[in-house]
Amino acid sequence: MSKMMARRSDVQTLPISFTLNGKLQEMEVEPHEILLDVVRERLGLTGAKRSCDVQVCGTCTLLVDGRPVSACTTLAFEVRGRSVLTIEGLAENGKLHPLQQAFIEHGGFQCGYCTPGMILAAKALLDENPDPTEDELKHFMHGNLCRCTGYKKIIESILAAAEKMRSKS
Amino acid sequence: MRFEKEVDIRAPKEKVWNFIWDVDRFIACVPGCKEAKTLEAGKRYAALMTEKVGPFRVEFPITIEVLERDEMSRIKAQASGADNKIGSRMKIDLDVSLREEGDKTKLSFVAGVDILGKLAALGHGIIKRKADQVLDDFAQAVKRQLEGDA
Amino acid sequence: MLRRFRLEEPASVREVSELLGRFGESAKLYAGGTELLLAMKEGLVQYERLINVKTVQGLNEIQSSDGIIRIGALCTHHQLENSPVLRQSLPVFVKLEENVANVRVRQVGTIGGNLCFAEPHADPGTLLIALGAKLVAEKTDSRREIPAEAFFVGAYETCLEPDEVLTEIQVPLPATRSGIAYLKFGYLERPSVGVAVAFSRNGGDSIGDIKIAVGCAGPAPKRVVEAEEALKGKTMEEATQRLAQAGQVAGRAADAISDLHGSQEYKEHIVGVLLKRAFQKAVSQG
């Protein structure tokens, strides 16, 4: 309770600090604010998309402490003290992440709407399992929907990136 | 959704018929229904219908319109209302008939229930089960009321 | 969009129960939010307050002692699918958890929330009934153990009192050579039918205790004693011959309802098919 302070007597706000794409972010949120709205509208990072809004499609996927969550159904205050990665934070020093590069090289997207979520989910997968079988990959990724590609190119992209990432490390 | 129910009541037809028009007592037999009001005797009535499935609650202010009335034998009515808070509407077409069988009266009713709007997100099956239960409880409550003070 | 609400962050189960008692139906317990927030966004439910139970320490542990596996109610599905204790002692539960919804839901959704929200199309309750699990409910001054089969009252309804908090799930460690399986079938986001079978073996080759539970088909997961009776005490061979009959009995007893997931008749049929397969799977593992 001590962490809360009221801006107006009837409005409760929560001061939160968290790491956003590697940088410290401090802000105040109200309890009902949704992470996706905060990231897109208050922080201007529009890579994560709203689509189904019921945790089925994966277009709003963000990584919180390296694990995928649906930002559309996450209360913003929940990221206090944690580390949030959006697609905007994936490239380092202007150099695309191997997953991003692989999606380009293997045609892993068409309209691109699902791509930020796809790539972040795939990153979470490869971070915990650098050498997934195709079945393991499908199981992990089945909650990220794509309505263009038929998934084949996406699977190829992720497996290619995995190979590249393994050979580097 | 269509429901058909029948209940045998150990009471003469006239008593059952009169009970139906004793709106306060009759409406009180509908589980979750209260605040019965007569807007125009014999024609239009109002009530507040509340229902609950787990944490989901609805509150429909409904108006009931009597469409047809065959003395001592049949009533057709329509009840409708909207819950603006959760954005849902309800419509019930009710066909009630009475038949004398020995010392009992058979009360039959056919109800066509339509529920529209967000409430439908709970799933047709769940709502149907709930409506069925409400109608069963209603039939039993009517029976209890009429047989209790026989 | 969510409507504005206040957040309470209690530190103990006692405080949670007090808050629930004080604010009644204007407040709701909030854990993973995977079900609750969807209903709130849709506008189907509105609360003035959410009580964040995740600020209570010690409710997210998994331990095995004295023949009982104790699972804290705040354990996420992700924790359960990766638990070394469960992998060793209850792999059937791990398998179930690996296939709940998707990786994002499993990341934040809790077992306690899943059980308490009592969404009819959920997996864990069905298996917990077959395993003879007990659910521990606490409030300010009392604590009780509820058999899983008595916990679910109807769709979205449990037997918890308004100020009771589910804190722990206790699963008896299965006897050696017992056979346990959970199978589900569905073609939408959530399962249409789930069937769980758990039996122990008498000396020799006959079935000792057996529990069968059916979920998703009806308003709430339920134990189907009628189907258990058909198999109890039988040799494996006799039981195998009676599977079709037991499946029919279980289908009828499942209290299936017609909805988008399938008609009543269809679900009753699938219950039979899954029961047969689950039994065979349990036999092959026992």
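Two exercises on this predicted model follow, each with a worked solution. Local features need pLDDT of at least 70 and side-chain atom pairs count only at pLDDT 80 or more, while totals for chains, interfaces and linings use all residues. Residues are numbered from 1 along each chain as its sequence is written, and chains are lettered from A in the order in which they are written.

**Exercise 1.** State which pair of chains has the most contacts, and describe the side of chain C that touches chain B.

Solution. 
- Step 1. Two residues are in contact if their C-beta atoms, placed from the backbone, lie within 7 Å.
- Step 2. Two pairs of chains touch, and the most contacts are between chains A and C.
- Step 3. Chains A and B do not touch; 12 Å separates their nearest C-alpha atoms.
- Step 4. Between chains C and B, 13 residues of chain C are in contact with 14 residues of chain B.
- Step 5. The chain C side of this contact has eight nonpolar residues, two polar and three charged. Ala, Val, Leu, Ile, Met, Phe, Trp, Tyr, Cys and Pro count as nonpolar, Asp, Glu, Lys and Arg as charged, and the others, Gly among them, as polar.
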